[in-house]
Structure formats: structure tokens, C-alpha cells
Amino acid sequence: MRTITNNELYLLAKELDKEFKDYYIEKFYELAEDHFLIKLEKQHEKVFLQIILCHTVNKIDYDIIDKEFPTNFALAVRKKIENFKITSIEQYNNDRIIIMKLSKGQTNLNLILEMFGKGNLIITDETFKILLAYKIHTFKDRSINPGAQYLPPVIQNNTNKEENIDKLDKIILYKDNNNKVVDYSIKENQKYLGFVKEFVPSIEKALELYYKDNPVNIKQKSEADKKIEELEESIKKQEKYIEESKIEYDELIKKGEFLINNMHLINELILEVRKNQKIDIKILNEKFQGITVTNINLKDKYITIKVDL
């Protein structure tokens with residue numbers, strides 16, 4: 001099963017932008033490993049956009065019922081991009097990368113589809129800071145991790161566009177004797193001499209028909225895989241809580257040590273305020289070096305001090 005080429009992706013991004021710009025993202029689904037579905041809506045028109053990493057992004061007819069238990073990744077994506085409007089779809093960095101620019105109010109995001117190697121789906125903010133990634137990787141020249149700056153890979157191969165590619169108005173489908181689509185191409189392919197040729201008006205339509213006849217054999221997640229994923233997510237949350245608790249504990253220890261080491265100054269400060277309830281905070285701070293008073297509440301009888309750790 002072949003992957004999409006750079007020239008094909010260039011055409012596809014242009015077609016997707018023309019067809020789906022200004023649509024709203026209503027729902028995101030993870031159907032299987034590397035296989036996603038985005039439900040789009042515009043003026044009450046519903047459309048399903050299929051994404052198979054490294055292979056295709058195309059419109060399909062799909063009557064889907066919400067899963068009772070969507071994957072953790074699908075839930076995370078929904079929280080990030082639901083109800084965002086697609087403002088543009090384009091090829092990125094002259095590579096096999098599609099970037100969907102999304103907007104809602106004052107918030108702008110990027111949905112990035114890496115269609116090379118093992119593929120990836122990444123969400124960044126408008127500065128390309130990574131917010132979420134389907135696959136976490138650290139490479140020699142870039143890192144795909146939440147919080148990191150998204151960088152495309154350095155282009156190794158020649159990515160020159162085919163001559164007159166922008167003037168193409170039809171894509172070739174090659175069919176066998178059983179009328180099954182065996183391949184698609186933007187130009188004549190001598191490999192398929194003798195095969196039936198059919199022409200379609202767009203690369204997106206060619207992909208739709210090709211993958212309808214040649215579904216990608218994608219590994220479905222078992223119930224055990226889903227349980228493992230849920231446990232891993234739970235462990236991550238607990239580790240984060242432990243780390244945050246440790247930081248809070250260390251801060252409380254330091255504050256306690258500060259109070260103990262400065263108890264004589266604090267007692268003198270309290271006595272000074274009792275004797276002169278109209279004393280200015282600035283005068284107190286000048287008199288009691290090492291302690292910063294930020295507030296005196298005579299009604300409720302407490303003093304607020306700032307502890308610099």
C-alpha cells in the first residue's frame with residue numbers, strides 16, 4: 001500500500017483548502033491506530049473527513065454514532081479544537097506536511113499532519129508551541145513533545161514540483177479487470193500499460209475511490225490496549241501530582257524555616273503594630289529589615305508578610 005507523494009500532497013492541500021475552508025470542527029474520532037475522522041459542519045451541512053497518516057486525507061460517506069468510550073487522545077483533541085473554524089489548509093515547508101490553521105475568537109491553533117515516515121498528528125498554538133501530539137518523539141534535530149517548539153524535519157530529497165502541476169485538471173485511476181482501483185497518478189505510469197484508465201477531477205476524489213477499494217490494514221486497538229493506555233494516563237497524572245506536591249512541600253518547609261529563623265523579628269513587629277495601629281507599612285519595612293509587610297488588617301487582627309524564597 002503506497003504512501004502519498006509530495007506532489008500529490010501539494011495538490012491535495014490546495015483542494016482541501018478550497019473545499020473545507022470556513023468549516024467548523026464539530027467532533028474528532030480516533031477510529032484505529034493512525035486512523036482518524038473529523039466531523040465538519042458549515043451552515044448545517046455535515047461532512048466527514050478521513051485522515052490516515054501517510055496515506056490520505058479525504059471526504060467519505062460515514063454514518064457514525066458517538067463511541068461511548070472515546071480514546072484518551074480523541075478526548076484530548078476534542079478539548080483543544082472542537083468548534084474551531086478552519087481558516088486555511090496548506091502544504092507546509094514544501095514537504096509531506098499538511099497544516100490546518102484553526103481559529104475561535106482570539107485563539108489560533110495549528111493542526112499539523114505529518115504524512116511521512118510513521119506519520120503524526122500534532123496540535124500547536126499560533127507560535128508553533130506543541131500542545132498535543134499523537135506520537136511523542138525526540139529526534140537528533142527536533143523534538144515532538146508538548147511544550148517544545150514544532151520544527152519540521154530538514155528536507156533531504158529533491159522536492160521540486162512537477163512541471164505544470166497547477167494546471168492539472170484530472171487525475172488518472174488505474175483499474176484491473178475486476179474494476180478495482182489499483183493505483184492513482186497525476187501523470188501516465190508505464191507500469192500500468194494495459195490497465196483500464198479512468199479520469200477523476202481531483203486528487204481528493206482519487207484518494208476516496210482508491211482507499212474505498214484498498215482499505216489500509218490498520219491495527220485496531222484491543223480492549224487490553226485501551227486499558228493499558230488508560231492506566232498509563234492515570235500513572236502520568238499521579239506522577240504529576242506527586243511532583244507538584246513535592247514542590248509545594250519544599251516551599252512550605254522553606255516558609256516554616258523562615259518563620260522560625262525570624263520569629264523574634266515577627267514578634268517585635270506584632271508588638272510595634274499593637275502599640276501604634278496607625279503606623280505606615282513603609283516605615284515598618286524600613287525598621288524591620290528582612291521582613292516585607294504587604295497588609296495590616298486591624299479589624300480581623302492579622303498581618304500579611306511576603307516570604308521571598
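**Labels and their cut-offs**

Trainee: Why is cysteine 54 called buried?
Mentor: Its relative accessible area is 6%, and buried means under 20% (exposed is over 50%, partly exposed in between; 1.4 Å probe, protein chains only), so cysteine 54 counts as buried. The model is predicted: local features need pLDDT of at least 70, side-chain atom pairs count only at pLDDT 80 or more, and totals for chains, interfaces and linings use all residues. Residues are numbered from 1 along each chain as its sequence is written, and side-chain values use heavy atoms, without hydrogens and water.

Trainee: Where is cysteine 54 found?
Mentor: In the loop between strand 3 (45–52) and strand 4 (56–60); strands are DSSP runs of E, at least two residues, and helices are runs of H or I, at least four, numbered from the N terminus.

Trainee: How do you know on which side of helix 2 its buried residues lie?
Mentor: The buried residues of helix 2 (residues 72–81) are Phe73, Ala74, Val77, Arg78 and Ile81. They cover an arc of only 135° around the axis, taken from the directions from the helix axis to the C-beta atoms, so they are on the same side of helix 2.

Trainee: What follows helix 2?
Mentor: Asparagine 83, whose phi is positive, near 70°.
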